[in-house]
Amino acid sequence: NGYVKRSKAPLNKCPQVFGHENTVRSCSVSTVKQRNFDLPSRCNCWICGRWSPMKIIWTGADSKRYGISADEVTSVAARFSFDSFKVDHELGPVEGDKHHFESFVMMPPGLCDFFFVVQGKNTVRINLNASKASVEATKAFSDNELDMPVHSSIPNDEFLYLHRLEVPERTGHKPSNTVFPRWLKGTKPKSRNSGWHVGIGVFSTFRKETPKYLRSSFDIDVGYCKMNKVIKDKILIDDAIETLYIHYKYIRLLYIYFSAQSKVVTSVSWNSFTDMCHRCKIVDQDCSLTEVDNMFVAVNQTEGTSSEQPKDQDGKNLNPDRDLCRYEMVEMVARLAIHKYYKTGIAETPAEAVTMLFEINIEPNVTLDDPNDFRLGELWTEGVDKVYKAYLPLLKQMFDVIAGEVDISRKPSISLSEWISFLQKGGYISESFTDRNAKQVYRLSLMSVMDELKGDQHL
């Protein structure tokens, strides 16, 4: 978790992290002039073993299934087969979201079984990724006399079920350069800070998606949803809504990526949504394409006449009649989950159905990069900011030329058609960077708004 832990190995210069069980291995580290060291029985060296940092996340969506309220959870850890389930790798709470715990864990390459320890209770979350444990993991579990993990999806089963993940091997000429230490909270020297921060950079006015902002945005989106037409019981509605919030960031990513495939990149078309359903393997005997189509039409039905709908500056509806806006994407996910898992009796509650839809269908089949991770890790940095500031006068001139060139009413902003026209004139569109890629770049660069029906800044 960001610090170096040493065993009895007589190495003073070689950065190592040692496990609790040892076998024989020798280690050669390029940063110590290729000297070879005979390490004590099995050194789990991050460098020569090409370990990878893996982000482990626990959310409280199904904690009630274990007799634990998500609001009461203060301690979450994970135990892994690579150290014989002997060590609690603690997960820390995410600021602003008390139902979300996460941590980075350095892990050796290969398959690894694991389970969570929530408030001292061994648990396995409800999803099909919980599979029968390997022989080695089962033996280690038995040797340590650990309690069987609680899981409600496979009751009274005599087999041990654990989560399993495949850890990639770090590659490259110098794999040691791909892992960097993280400062423990409160220990980073202030002298290392140059004083630069994003608040004084060129992107200072870009809206930050903080946990508080996301919660407010979610509450607004859900307020527009017609959840009472899907579920009648208020308690079940409230539980389903809280589970939707746990997955809200992923829903926003689905909305961004699949709207980028639509003709209008600020809403999700029927074709794009159908593509998502097929990729996520949602369409099957329990949920036909015709039923998905009917849900799509039901979600698109709005109250009031067309003249009463909120408009953009061109007089067009902010909520398109045949596409999904963001709040409709939230409602559509809820309807799919309830139809596929709750109404068929597979899930006991709508909240559990939402969890199953994400963990069985969406997350394993659609891997999405959060554009905010790129902004925070790559774009909003002091070095990049210096380059932007050096060319800012030129960028402003380019903006003035491009904005309004095609869509006069859209000044002072660059429309999608103007963006693609600029790239075509500059010769940037090619076989390796197509119009489709240009649309994706445009969509990923747009700043989000809290309420899509209160203005057209997101268009």
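Helices are DSSP runs of H or I at least four residues long, numbered from the N terminus. In this predicted model, S259 belongs to helix α4, which covers residues 248-259. The relative accessibility of S259 is 0%, so this serine counts as buried. A polar atom of the S259 side chain lies 2.9 Å from the backbone oxygen of I256. When neighbours within four places in sequence are set aside, the contacts of S259 are L254, V264, V265, T266, S267, V268 and R443.

The protein as a whole contains 13 helices and 10 strands. It has 459 residues, of which 44% count as buried. Among contacts with a separation of 6 or more, 67% are between residues 24 or more positions apart. The accessible surface amounts to about 25200 Å², and carbon and sulfur atoms contribute 52% of this area.

Strand β4, formed by residues 76-80, is mostly covered, with 5 of its 5 residues buried. The side chains of the strand are divided between two directions: V76, A78 and F80 point one way, while A77 and R79 point the other way. Residues on both sides are buried. Strand β4 is joined to strand β5 (residues 89-94) by 3 bridges, and the two run antiparallel. Within this pairing, A77 has E90 of β5 as its bridge partner. Strand β7 (residues 110-118) also runs antiparallel to β4 and is joined to it by 5 bridges. In β7, F115 is the residue that stands opposite R79.

Aromatic rings were examined next. The count of aromatic pairs comes to 16. One of them is formed by Y250 and F358, an edge-to-face pair with 6.2 Å from centre to centre and 85° between the planes. This pair links distant parts of the chain, with Y250 in helix α4 and F358 in helix α8 (residues 350-365), 108 residues apart. Y250 and F358 are both buried. A further pair, W419 and F422, is tilted because the planes of the rings are at 35°, with the centres 6.1 Å apart.

A search of the whole structure gives 0 disulfides. C225 takes part in no disulfide, and the nearest cysteine sulfur, belonging to C325, is 8.7 Å away. With a relative accessible area of 11%, C225 is buried. For C277, the closest cysteine sulfur is that of C287; the distance is 7.0 Å, which is too far for a bond because a disulfide requires sulfur atoms within 2.5 Å. C277 is also buried, with a relative accessible area of 0%.

How values were computed
Residues numbered from 1 in each chain as written. Predicted model: local features only at pLDDT ≥ 70, side-chain atom pairs only at ≥ 80, totals over all residues. Heavy atoms only, no water. Buried < 20%, exposed > 50% of the residue type's maximum accessible area, 1.4 Å probe, protein only. Pairing = 2+ DSSP bridges. Polar contact = N/O pair within 3.5 Å; in protein donor to acceptor, adjacent residues only side chain to side chain. Contact = heavy atoms within 4.5 Å. Areas by Shrake-Rupley, 256 points an atom, 1.4 Å probe, with all protein chains shown as cover. Phe/Tyr/Trp six-rings, centres within 6.5 Å; stacked < 30°, edge-to-face > 60°.
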